[in-house]
Protein chains: 2
Amino acid sequence: MDNFDKIAVIGGGSWATAIVKMLCENNSTIGWYMRSIYAVEHIKRNKHNPNYLSSAELHPEQLDLSNDINEIVGKYDVLIFAVPSAFLNSELEKLNESLENKVIFSAIKGIVPETGLIVGEHFHQLYNISYENIGVIAGPCHAEEVAMERLSYLTIACQDEKKAKALSKKIKGRYIKTKVSDDIFGTEYSAMLKNIYAIAAGIAHGLGYGDNFQSVLMSNAIREMKRYIKKVHRMKRNINNSAYLGDLLVTGYSVFSRNRMFGNMIGKGYTVKSAMLEMNMVAEGYYATKSAYKINQENGAKTPIIDAVYEVLYEKKEAKDVFEKLTNMLD
Amino acid sequence: MDNFDKIAVIGGGSWATAIVKMLCENNSTIGWYMRSIYAVEHIKRNKHNPNYLSSAELHPEQLDLSNDINEIVGKYDVLIFAVPSAFLNSELEKLNESLENKVIFSAIKGIVPETGLIVGEHFHQLYNISYENIGVIAGPCHAEEVAMERLSYLTIACQDEKKAKALSKKIKGRYIKTKVSDDIFGTEYSAMLKNIYAIAAGIAHGLGYGDNFQSVLMSNAIREMKRYIKKVHRMKRNINNSAYLGDLLVTGYSVFSRNRMFGNMIGKGYTVKSAMLEMNMVAEGYYATKSAYKINQENGAKTPIIDAVYEVLYEKKEAKDVFEKLTNMLD
C-alpha cells in the first residue's frame, strides 16, 4: 500500500487539528474523525474547531468530516491517530472495520494506559499490524505554533522508508519542514519520556530550583533518555536530533506544557490528586511515568530522574526530599 | 604547585563576585583584584559590590582586596581570571609580577580579541604557561543565581586532574556542586561558542520564529558544537554533559543573556552598531563570532549557524534572508 492519496486523521484535539491544517496545504481531501458531532457541525459552518486550536482557519470544502470512526477508517488507507493516549483504547473498541492493509501513523505522545504499551506496539500486538505499516509523527512541535504558521520541523518515522517519505511529502510545506527516520521505537519512546522530564522540570521549578539547575536537569535528561531508549531498541541514532533532544527541549522549557504545570503544582505542595482536580485533566506524563518506570524495572537503565518522578507521583514521597536526593545523582 | 591555600580572583564583575562568594564558603582568605578603588572601598565598608551582583552579601574580613593587580598576583599561587575577555589583554599588560609557577584558571567565556585565542591558549602562547597549569571553570551558571544561593553545577577542568580536584574542593559547597574534567579546550571553546548560538537564538526570536524553531536551533547547535570542538581538539567527550549542553541551554534559553538580547535587537531590525550603542556594551558573542568563524575556515567543520551569525554581524547581510537560508540547512 503505497497510495498516500487517502489520508485521514483520527482525533479532534489541538494536535489533530494542527495535522489536518498541515495536510490541507498539499491534499485536496482529508478524512477527519472526531467524537463530537457538535464540533463536526461547527467546523463545517464556521471553519474553526470550537474546542481546540480555535485560531486555526480550516477549509471545510477539503474535509471529509465524520463522528463515525468506522466510516472514516473504512474509506481511508492511511490513518493518523492523534487522540490522547488515554482515549485510544476506547476509540479502537468502537471499530468494526478492519485495520488490515491500513498504514497507521501515531501522532500520540504517550503510553496506552490499558496495555502499558507505546502506540506502535499496541497496534502491532493487539491488531496484528506489521511494523512495516506503522509509523510515527514526532515533534518538536507545539500545535499552537502550527496554527500561527510558525516554522516547525517534524520527523516522520517508519521502518519502511518509502512510507515515511510518502507521508513526509504530504505534510511538508510553507511552514513545515520534515525529516525522515526509521526509528519508530526511539521517536515514540522519547516523545513519551519527555513528558516525564517536563514533570520533573515543573517539580524543580515549584520547589524553587532555578535556571542553572533546569539546564543541568535537561542535560542529564537527554543522557538518561539515550540510555533508556538504547535498552528498549538498540540501533544507531543521534539522540541530539530534533525528534529526541528538540522534542525534550520544546516541552521541558515550555511554560504552557501541561506536564510541566502539573509538576510545578506538585513542587509547590499540591497533592497529586488535588493537582489533577485543579487542572481538570490528567497530564499524559502521569501515566507515562508509571509505565516507563515498570518497563525499566526489567531493562535496568540508570534513570534517576524517572525514578524520582515515580517516587513523588506513585509512592507519595515528599518532592523536596526526593529532589534533594536526585541533585546528588546528577552532574 | 599543589598548594591551593592561596587563591585569588582577578576581576570585579558579576561572575568574579559570584566566584568570590563561593570560595568564601570554604576558605579563610581570598585575594581579590579589581580595577576600581571605589568598588574596593565600597565592599570593605558595605559588604556588597556596588556595581555587579550587588545583592550578594560579601565578607570583607575574608577578603584581601586590592586594585593593584601586581600585589595580588605576587601574593597568590592560584589565579582565577574572571574579567571580560575584551579587557584581559589590557589587564595583563599591567603585570610586572611573573606568572611562572602560578596555576591559572579561566572563568572567562570568550576569545581574547587581540589574539583571537581562547584564554587558555592565550596564557600558553604569550606567557609560556604549561597546559598542566591551566584550567577552566565552566558553567552552566548564571552569577545571579549564585547570589541567590540557588543550586548550581560547575565543571572544573585541568589536564592535571589533581589541580582540578583541588580547586573543585575549594569551590563546592551548600549550593555548588562540581564535576572534574580534563577537557580544557572543549569546555572553553564551548563556553565561547554558546554565546554565538545565543545570538542566533536572539536573532530568530527577533525575526518572529517561535519555540518550535528555537528547540530545533538548539538541537542543531549542540551537534554543530560537537563537530566544531572535535576539529579543535579531538578527544573522548560527551557533548551532552552539563559543561557543554547545559551551558548552551542556560544561555540560549535565557531572556537575560546579553548575547541573546543583542541578537534579538538585530532580528528586530537594529543595525549591529545601533544595537551595541543601545545596549551600551559589546556582547562577548560578537567577538566570538568572528574568531570562531576564522578558526573554522581552516578546520572546515560544518557550521551553518555560526556562518549565518557571521554573515549578519560582519557581512551586513539581511538577517531575514540569512535565516531563511539557514532554516533549510537545519533538521
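**Cavity and chain interface in the predicted model**

In this predicted model, the search turns up 1 cavity of 30 Å³ or more. The largest cavity holds about 30 Å³ of space. The residues around it come from chain B: B:I118, B:G120, B:E121, B:Y131, B:I134, B:V136, B:I184, B:F185 and B:E188 form the lining. Sorted by element, α5 (119–127), β8 (134–138) and α8 (184–207) of chain B are the ones that give two or more residues to that lining. The top contributor is α8(B), which puts in 3 residues.

Now for the interface. The size of an interface is often given as the accessible area lost when the parts come together. Here, chain A and chain B bury about 3100 Å² between them, and carbon and sulfur atoms account for 54% of that. On the chain A side, A:Y153, A:N212 and A:N240 stand out: they supply 21% of the area that chain A buries against chain B, more than any other three residues. Counted by contact, 37 residues of chain A meet 37 residues of chain B.

Polar pairing runs across this interface too, with 27 residue pairs in polar contact, both partners at pLDDT 80 or more. Several elements of chain A are involved in touching chain B: β9 (152–158), β10 (176–181), α9 (211–232) and α10 (242–252) each bring at least two residues to that side. The biggest share belongs to α9(A), with 10 residues. By class, the side of chain A that touches chain B is made up of 15 nonpolar, 15 polar and 7 charged residues.

That leaves the charged pairs. Side chains of opposite charge can pair when their charged atoms come close. Over all chains, the whole structure contains 38 salt bridges, while the count between chain A and chain B is 2. In one salt bridge, the side chain of B:D331 meets that of A:K179, at 2.6 Å from N to O. Another salt bridge links A:D331 with B:K179, and its closest N and O atoms are 2.6 Å apart. The pair joins two chains because A:D331 sits in the segment after α15 (319–327) of chain A, whereas B:K179 belongs to strand β10 (residues 176–181) of chain B.

How values were computed: Residues are numbered from 1 along each chain as its sequence is written. Chains are lettered from A and ligands numbered from 1 in the order in which they are written. This is a predicted model: local features need pLDDT of at least 70, side-chain atom pairs count only at pLDDT 80 or more; totals for chains, interfaces and linings use all residues. Side-chain values use heavy atoms; hydrogens and water are left out. Contact means heavy atoms within 4.5 Å. Buried area is the accessible area (1.4 Å probe) that two parts lose on being put together, summed over both. A salt bridge is a side-chain nitrogen of Lys or Arg within 4 Å of a carboxyl oxygen of Asp or Glu. A polar contact is a pair of N or O atoms within 3.5 Å; within protein, one must be able to donate a hydrogen and the other to accept it, and residues adjacent in sequence count only if both atoms are side-chain atoms. Helices (H or I, at least four residues) and strands (E, at least two) are DSSP runs, numbered from the N terminus. Ala, Val, Leu, Ile, Met, Phe, Trp, Tyr, Cys and Pro count as nonpolar, Asp, Glu, Lys and Arg as charged, and the others, Gly among them, as polar. On a 1 Å grid over the protein atoms alone, a cavity is a set of points where a 1.4 Å probe fits but cannot get out, and a pocket is an open set with protein on both sides within 12 Å along at least five of seven lines; lining residues have an atom within 4 Å of a point. Grid points are joined across faces, edges and corners, and a volume is the space filled by probe spheres set on the points.
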